[in-house]
Each structure stands twice: as C-alpha cells, then as structure tokens.
Amino acid sequence: MSLPGLSLPGLGLSQPSSSHSALGPGTSSNSQSTRTEELGARTEWRFEVNFHQQYHVRLLSGNAEIFGVELALNQRYSFSGAKGVIFTWHGCQLELSGDAESEYAGLETEYAVEWLNVHGMLESARDLAHGTNDGGPRVLVVGPESVGKSSLVRSLAGWSVKCGRTPAIVNVDPREGLLAPPGSFTAVTVGSQLDVENGYGIAPISGPTVTPIKTPLIYHCPYSSPTERPDVYKALITRTALSVLNRMEEDKVSKESGLMIDTPGLLNDPKSNYDMIAHLVSEFSITLILTLGSERLYNDLNRRFGPKQAASAEGEGIPVLRVSKPGGAVERDAGFLKQLANQQIRQYFFGTSKEPLNPHSHICGFAELSVYRANSATLAAAASSYTKDEDEDDSPYTAPKASADDFEKMTPTNAMLGRLVAIKYCDGDSDDFTIRDSAVMGFLYVSEVDEQKKRVRFLAPHPQRWGDKALVWGGCPEAVTDLVG
Amino acid sequence: MSARSPRGSLSGASSAEVAEDFGDSLRDLQINNRYEISNLTVIAKENTEHAQAISKVLEEHIGMTSPSKKLPALYLLDSIVKNVGTPYTVYLGRNLYNTFMQAYTLVDSNVRKSMEGMLKTWKEPVPGSMDPRPVFPPETVRPIENALIKAKTVAMQSHRPIAPDYRNTPTPPNYANRFAPPPTHTPPQPYQNFQPGFQSLPNAPTPQSTYYQHTPQQPPPNNELDAVKREVSGLIVQRQAQYDANRHDQRLGGELKALLDLQQLLNAGQYIDPASLQQIRDRVSGLANGPSAQLRPTPQPGTPQWQPSPSFPQEASQFVRPAAPYSQPPPGQQPPAALLAPGALDGLQALLANGQKPGTPQIRATAPALQSASHAQLSNVQNQAAAAPQFNGADLIASLTRNGLLPKSQRQPPPHPQPTPVPNSSTLPFQPSADLLRSLSSILPPTSQTGTPTFPAINLPPTTSKPRIPMTAAALKQFRPELVTTLYEAQPNQCSTCGRRFLSTDEGRTKKARHLDWHFRTNQRIADPAISRGAHRDWYPTEIDWVRLKDYDPSTTTAEEASALAAASNSQFSSPTKGKAHKRPEEMYVRAPPGVTRNTCSICFEEMKSAYAEELQEWVFWNARLAQGKIVHATCLAEMAKSGGAAGLGAGQRQRSATPESSLGKRKADGVGLGGGGGSKLRME
C-alpha cells in the first residue's frame, strides 16, 4: 500500500499482489500492485488506460463520481480503453489496481465548478418550465476535438438523472457511437441510472442487464465527418430533431427535462459561417449553447446567436456560454479513435464481460439482399482511383448538391468485407430519401462475401432474419478485420 | 456478491476451519441479501459446536468491515440469535455492547435507525416463538439503550452549532469520541432535586405530601412512544414532588404544567414522526438526567464564517442584557435543572406541534426570560394555556411571545460557564453528526413562523434550497456547495451496489426497496446460465415506437406501474374501449411451432415473425392468435370480429405489432398519423 500522494505514474511499487493473478499474463510490463490514493475535496483522479490494459478502481471511503455518475462504495469498477476522470466533491479514498498508461491526481478542477453550475442553470430552467408548455432547456454543446464535449454532456446527463430528470441525449458525432456502433446518430432519453464503466449503459438486449437498459433511436450516418456530405448530414439532423421533438410532445417529463446535443468537433466550420450549427440550433430550437475550448468559436457564436445581436432578428437570442475545458481532456489520436470504434463494434455484437451477447450468423444469397452504398466524396474517390485508401479528407468543402445517387444500389462485393451494414426500417426498393431518413433496425457485420457462390455471410446481433429491408453501408465506420475468427 | 450455494454441515472440520470459512463467506456479504443471510444463518445453525469461533469471527467482521457493510453483518447477527438462539446469544451477548456501539458510531443515520429498530426487537421474545424470554436478556440490551440515548442527547446538543464550520473544510472532521460513554452524572446529582436552599424565590418552601399521577398506558403499538411516555410520567411525578415541596415556585409550576400538557399530547394518540419523537425523547431524558444535560459543548462564540447576517449576534447580546439584571443569583448557584427545564419543555411542545425547531440556543435563551418574567405574566400564560382545551405547543409559544416572555429573537452565550467536552476527530470517514442533523432538518419544516431564529445550519435543508441560477457567464464561476448538496446529501439513501441515491422520504425508501429487489432479480438472472447465456441484442426501435416509448426506470417501477405505462404508451393507438380490454391484442401471442419462424397472416397477408419472449422463454408470435388452425394477427382478428359495428375505426386502429416486420416504418406510421386523432405530429415524407 503506497503512501498517499507518493504514487506517481509509472512508479510501480512492484509487489505482486495476490489479487492480481486473475489479470492474466502479459498484459503489460507496467504492472502495479494495489494501491490507495487519497483525494482532497474537489480534486480528481485522471487515468488513461489503453485497450489491452485493465484498470480497476474501488471507492474505499468518501464520495466520488465519474462523469456525473456516482461510484458505489467498495465496488470494483474496471476500465479498458478509456480516458477517465474520477472527481470528488467531498474528498475520497480510492483503491487502484491494474495497469494504466498514466494516472495522476488533478488539482485544477475549476471546470467542474462551471459544469456543475451549468447543471444548476439547467435545473433552474427545468423548474421554470414546470407546469408550462415551454419545455426544458435544449442545450447544444460545441467545440473543437478533444475538449471534453462528450464528457460534459455525460456529466450533465448524470447529474440530471440524479435529480430525477429524464433528459434526451442526442449524439450527432458519427465517429463515436452512443449506445450504438460508430456511423450512427443517437437519440435517447435517459431516466435511469447511468453506468460507471460504460457511460450510458446498454441498449436493449434479451437478457438481464447490470444497469437499466436505455432505448435509443438510431439513424445511420455513414460519414466520418459532417463535411463529407453536408446535405445528408443536415437531412439526418432534421429527421432526428423531428423524432426527438415529437417524443417530447408525447412525454411531458422528458420535455421538461430538456435535451442535450453532443456534436463532432468538425462541426465548427467558420468557412461555412457555422452553417451546420445554425441548422442544429433551428431544428432543435436550442435555448442554450455551450462552447468548450475555442475562444474564437465562442465569440463567433455569441455574435451570431447571442442575446444582443439576435434581438432585432428573431426576438430573444440564445445565451452562449463559454465553459472551461477540463484539465484532463486529452487529445485522442486517430489510432485511439480507431480502436475505440473497433471496441464499440465488438461490443455491439459480443457485449461486454458483464453482459455477454451471442451474435448470430446468417448466410444470404445476393438475390435476397438490397444493398446500397452511401456515396461520399471519400468513397467516390476511392472507387474512382481503385485505391482502398481511406484518408480523412481534408479537401475543401464543396457543396455536393442533393442528388439521386446518394445511395447506389449494388451487388455485394468484396469491398464490403469487414464493414458494418445498417438495416433500415424501409423496404429494399425504397427511394433514396426514404432510405436516408429511415431509422436503423440494427447493424450487420459482413464477415464473408463469396462472389462465386453469390452469397454473403453476415454476423447479426439478433437470431431473427430482417426480411426485405434496405441495407446500407458507407465510409464510416472503417472496416474491422479481426472481428470474427 | 456471488450467491453462495447452501453448504452441508462442516461438522468434521475444526473450529478454526469453520470460522475461517465462515469469515470468507462473511466478506462476500456486501448488501442486505436475504438469501445470503439465511444461508449463513443455516451454516451457523449447523455448526453450533463451533459457535464460539463463529461468534468471534462475526464480531470481528462487524468491527472490521466498512461502514456500508456493517448493517448486513448485523442483520446476520440478528438472524442468528433469533433463529438459532442459545449458544450464540451467550457468545454474542458478551460483547454485544462493544459490537453494537462500535458499529453504531461508524454508520450513517439511516443505518442507525435500522440498528435501533433491531435493538428494539432484541428486548422482545422471538416472534412466533414459544419462549417468552427476550432475544437477549435485558441486562445485555439495556446498557446499549442507555448509551444510545445519551449519545444522541450529546450529539444533538453539541453538534448543531458546530456542524456548519466544517462544511468548507476539505476533509470532514470526525467525531469518533462523540459516543464515548458519557461522563457519569453522579457528581452533579446534588443539583438535581429538592434544593430549596438554592432557590432565590422569596417564599419559604412548604413541604407537602407527594402526589402521584398515574398515567394510563396505551397498548404498545410503538415502543419508542411508550418509552417516552414512561419517561414523561416519571418526570411528572418527580416534578410534582418538587412543586409540592415548593408551591410558589413558578418555574416548577410552569414546568410541571408543560410536562402534563406534553403527556396529554402524547396520550392523545396522534401520530408523531419518529425523528420528532426521538428529539422529544432526548429532551426528556436530558431533563431527567438533570444537570448532566448541561454538559454540552458551548456553541462557538462568533458567527460561523459563512453566516450571512452579521446582525445576529448583536441582537442576541441585546437580548441577554435586559434579561440578566433581574435578581439573578450568581450562575454557580443557579439550580441548573430549573434553569433548563422550562425552555426545554417549550421546545418539546414546539416540536410536537411541528411548528418550530428546538434549537438548543433558543431553549437556553428562553430560560432566563422565564426567570425574569413577572408573576402576573407567567400566570397569564398559564391561564391561557390552561384555557386552551386541546393544548398545543405552538399556542404556548405564541402566548409566551405575546406576553413578552419569549423574545422575538434570541440567542445567548451559554448560561453555564462549565467547560464542555469538545468532540475530537479521529477515524470516522463520514460526518455522522451532520447526517443526523440533516435527517432531522429534512424532517422538520424549514423555518418557524414565530420569528424565532433557527440556527443557520438548519437553514440548509437540502431539498428546499435549490438555487436559481441565471444563464449568464457571470454565474458560471462561483462554487455553489448547495448544488453538490442536491446531488449527495439531499439524497442520503444510497444503493450499495450501483451508488444510486434516494431521498430519505417514504417514497425514497419505497423506491430503494424496489431498486434493491431489482438488483436482486437481475443478479439472480445474470447468475442463471439458462437466462444469461443466450442473450442477444434486440433490434433498435422504429421511429414511431421510440416516439411512443414511455421511459421509466425499471429498477424503481413495479410491474403494475410498468404495464400501466406501457398501456399509456399505447393509449394513443387504441380507442378507449380497446384500452379497457383486459388483454390487448398486441399482448396476445402464439407459441411458435418448432422450426417455424415465419408465418403469413391469412387476414392481412403481412408476414409475421417469431420472437423470443424472455419471460416465457419461448419463441412466440406476438400479436397473434390461432384462427382455424392458422396463426393470424390478433389485431386483424379483432378487427374482423367487429368490422360490422365499428367501421369508423379503419386504418388508424391498425395495431403496430411488437415484432419488427416489413415496411413497418412508413406505412404504419402514416396509418397511425391519420387515425390517431391528431395525437401524432410525426410528419413523414
């Protein structure tokens, strides 16, 4: 047991503890024994765990939370492939074990105060909305990459749930799925306990779950960036907003609790005059914009949407607040994001260690399938040059006009191998707009394409066949090669 | 938390082995899990020859384990002594005081309540048992009870003023020594009774015969209440004797009167919530102990740092001075019991009337006020009070206030210069006194109407102090501890499995009970390989299903409520008559014949697909019925049946089926949009 404050990253007190035998061999050379860490009030414990490491945390005393979700005393929480922050308002004692790339106590936590105050603002707005038909606060969170947008949304969601609210959470960042694999938009109302280890918990499965399930509505966004196909992206936002706002009309509790939108960092494109943000603001009738990190973004948005300037145009204007970036927010490189995507895909089919799932294999003839490819600049480029090089395109944004060839019907090819295919809630012969706007029933993984025998082997999450539905795939997420076998 | 399977007798093994094994199982006892506890009880029962070792392990475990796990372990102890009995009651009884009190000092207020409840049952025979003897002999239980009463009295009187000070400190100070056995109160005994020589009142004492009042005892629905009643009637007898000895002592008279009123109130049989009762009890036992109640820490002079209004202490000192000059004897000679009593009793009554909090400062302050009151004023009060047919504490306060006996605002430095034991901090991880305070203050109404100041600490009842924060950049930076309070302290009732918190209200407790049941059920199912092994992901919902979805927390919702909610989700689909049908068509199902996964409804010719119904553990066709040996949609069948009469229902009545089926998205949604009476605004294009 190390002395409090003496445990530095990498300073392994390498006494092999007996409780570690279960960890399995060869995880990391950086193996550390179980140690305890004392945290003062309003400090935090930051850790980065890569995908082949296991890191365990146990709260010994005091109170602590991870992104707004409180840790229970003496429960062991495990993390892998995570960059996390355990924050304590009151001070706490943690027991840590396992391996991490880095772990340290963070003392600069002013951001947490700001975030909590944002929560206080939202609660005030919800109280005001109570009994009226105005609805609760509708919050848009924007900022560059890796500034803690998702963490902020998760914290606000966690605190709201703790206060008995049922906020709607919307994720329009297709690179990182929420209750779904990447390549999707998510809308979900959260009315029950979130999960310490994997945030929002798990979407419906047929078996028992550790935390209550959350039922999300999923749209398919097979583009890694909004700039790839702004028109499709916008249409999907419109569609998502429509469903969410309809839902809120049906469900007063949820309406009063409001909604929070998590966005991709690439959304903030000054060149397009924040066209996409404006679209989100109007479609969701946003009442509060939170910017993280970028000062320029704050000023630009405040000028455009803030109370004073907009007063003449559309009446009230929307408060724009600049919220501090957490000290623990770290750059996540492309490699990490790719692994994160793989992990999400894997968990979609196989579940987690706590909630293991059985995927099912289906073999379908080409004739049974209606496969569409979502065209994007990337795919088109890849197709034309015949290079399977999936570079993130930094090409200047050229507005591709809405065209009939958004979705190209195709016979399955080897190019689909390792890809995720969305089953859409629409007939196989629907038109492009229907395909684009239909919600997702589930995702399939293409594990084998036999062009001779004209059949495809899919890995499906569900034992049931899906019938004649449109199957769509696109550039995001990237192919995963090692999912099966 | 892994549920251990029941084991056979370990009789062959040595005591040490049995104890070690038992200890291992104990460490798995994390939550109050009936199954595990009864399992361990059985083990204890089968190994009575090792009772000594097992008892020792159990005692050690209770002592060593973390506060959150103490209660389950204590429940186990309780279960063993009640279900197994003799060898264990002897072994566990020996150290019961230490075992119980050490745990008690370390746990939070909710657990304490549970422990007190448990303690109460130990004084009674085992329910359903032929043996009339109590679980533990009275001589084992009584010291604990006494210690609890004293500890609480001390805690309540001492920690109210101190509590606020550590709210801003990073690490909460602790009060481990708080519950150390209270100082024996024999030395101050001379102060307590019959000291007419100390009375400074002009009239000579007139000894008279003692008058005993017999209190009718109610049948015991509530032990605690009875205990208070007993104490009160005991006090009445005592004070009566004092009063009889000194007829002209108005203080004694008023005190006696108040006690009689209190007794009347208690006997009136109205409901008094446990916390108030506890406070009454503490107060009464404080009175009964006479001067020992004086041994409380003095409130810190000077306002706590965050106390907003600086006028407070000034007012207090203004008040103190006019009260002082009235022919008061030097403090040393003041009979402390009398000094304390009238105010304390007022506090009691105020409590009962639920109108006001008996902050100790206030109580102390009242006393000199009463002393300084003129004879006429006092009797006026008494007359008024006596005139009120159904006496009520608030009336007393009001009448006191009217007569200028009870100043509008008061606070006073401690009347007794005696040094006070200041509790030390040492090992406690939590703030038990703060918890106690919070639980008390959340039970009591926030502020009184009489203008009597309540202590600032009590002004933080977490549920009510929700700040309004404007959406401005200026409001972002300032730390608001009250926001943290709403997330933590306001919901003291925490689930030990997932950390979820609940309010300390009845509703919160109900929810938590359901929530724990949910965990239990879920864990059982996760542990059952037949259920959890074949799990697979469900399809995501359609837009329309999602829009109609009523989100509820399955862990705190009962099955009935859940089905009611589900029905509500469907109510827009169904006409009222349909909603009333005891089983809606979409809930009907037909078990899928082996090998059949698809079927075509012979009415609408849409495809049906089987789905795995977890609760049935079968593949079924939902929304299906058998008609002439064929599986058809139940909704289609229902429509067929009434197609003659209800032609107006049309397409809008078409039930969505729970099974995702082809072309569900668009066509069905359109149909609903048309027929749902405008309920759906979903525009599909």
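Analyst: What follows looks at helix α1 of chain B and then at the two chains around it. The model is predicted.

Helix α1 of chain B runs over residues 15–27, which makes 13 residues. From its first C-alpha to its last it reaches 18 Å, close to the 18 Å expected at 1.5 Å a residue.

Which residues of α1(B) are buried? They are Val18(B), Ala19(B), Phe22(B), Gly23(B), Ser25(B) and Leu26(B). Looking down the axis of α1(B), these buried residues fall within an arc of 160°, so they line one face of the helix. The face turned away from that buried side carries Ala16(B) and Glu20(B), which are exposed. On the buried side, the packing partners are three helices of chain B: α2 (34–46), α3 (51–64) and α4 (67–83).

The chain that holds this helix has 26 helices and eight strands. Chain B counts 685 residues, of which 50% are buried. Taking the contacts in chain B between residues at least 6 apart in sequence, 71% join residues at least 24 apart. Chain A has ten helices and 23 strands. Of its 485 residues, 63% count as buried. For contacts in chain A between residues at least 6 apart in sequence, the share that joins residues at least 24 apart is 75%.

Another helix of chain B, α20 (residues 506–527), holds His519(B). His519(B) is buried, at 4% relative accessibility. Leaving out residues up to four places away in sequence, His519(B) touches Val210(A) of the other chain as well as Cys495(B), Thr497(B) and Cys498(B).

Cys498(B) is itself buried, at 12% relative accessibility. In chain A, Cys426(A) is also buried, with a relative accessible area of 3%.

His462(A) lies in the loop between strands β22 (455–460) and β23 (469–473) of chain A. Its relative accessible area is 7%, so His462(A) counts as buried. Setting aside neighbours within four places in sequence, His462(A) is in contact with His360(A) and His362(A) in chain A, and with His536(B), Arg537(B), Asp538(B) and Trp539(B) in chain B.

Also in chain A, Arg35(A) has its place in strand β1 (residues 35–39). Arg35(A) is buried, with a relative accessible area of 4%. The C-alpha atoms of Arg35(A) and Val57(A) are separated by 9.9 Å, while the two residues stand 22 apart along the chain.

Next come the aromatic rings. A search of the whole structure finds 17 aromatic pairs over all chains. One of them joins Phe87(A) and Trp89(A): the ring centres are 4.5 Å apart and the planes stand at 65°, so the pair is edge-to-face. Phe87(A) and Trp89(A) are both buried. Tyr111(A) and Trp115(A) form another pair, with centres 4.9 Å apart and planes at 80°, so this pair is edge-to-face too. Both of these residues lie in helix α1 of chain A (residues 110–129), four residues apart, about one turn of the helix. Tyr111(A) and Trp115(A) are buried as well.

Ring pairs also link residues of the two chains into a cluster: Tyr348(A), Phe349(A), Phe443(A) and Tyr445(A) from chain A, with Tyr540(B) from chain B.

Charged side chains of chain A also meet rings of chain B. The charged end of Arg42(A) sits over the ring of Phe479(B), 3.5 Å from its centre. The charged end of Arg247(A) sits over the ring of Trp546(B), 4.8 Å from its centre.

To return to the helix requested: α1(B) has its buried residues along one face, and those residues pack against α2, α3 and α4 of chain B. Its exposed residues Ala16(B) and Glu20(B) are on the face turned away from the buried side.

Conventions: Residues are numbered from 1 along each chain as its sequence is written. Chains are lettered from A and ligands numbered from 1 in the order in which they are written. This is a predicted model: local features need pLDDT of at least 70, side-chain atom pairs count only at pLDDT 80 or more; totals for chains, interfaces and linings use all residues. Side-chain values use heavy atoms; hydrogens and water are left out. The expected span of a helix is 1.5 Å times one less than its number of residues. Buried means under 20% relative accessible area, exposed over 50%, partly exposed in between (1.4 Å probe, protein chains only). The arc is that of the directions from the helix axis to the C-beta atoms. Contact means heavy atoms within 4.5 Å. Rings of Phe, Tyr and Trp (its six-membered ring) pair if their centres lie within 6.5 Å; planes under 30 degrees apart count as stacked, over 60 as edge-to-face and the rest as tilted. A charge sits over a ring if NZ of Lys or CZ of Arg is within 6 Å of the ring centre and within 35 degrees of the ring normal.
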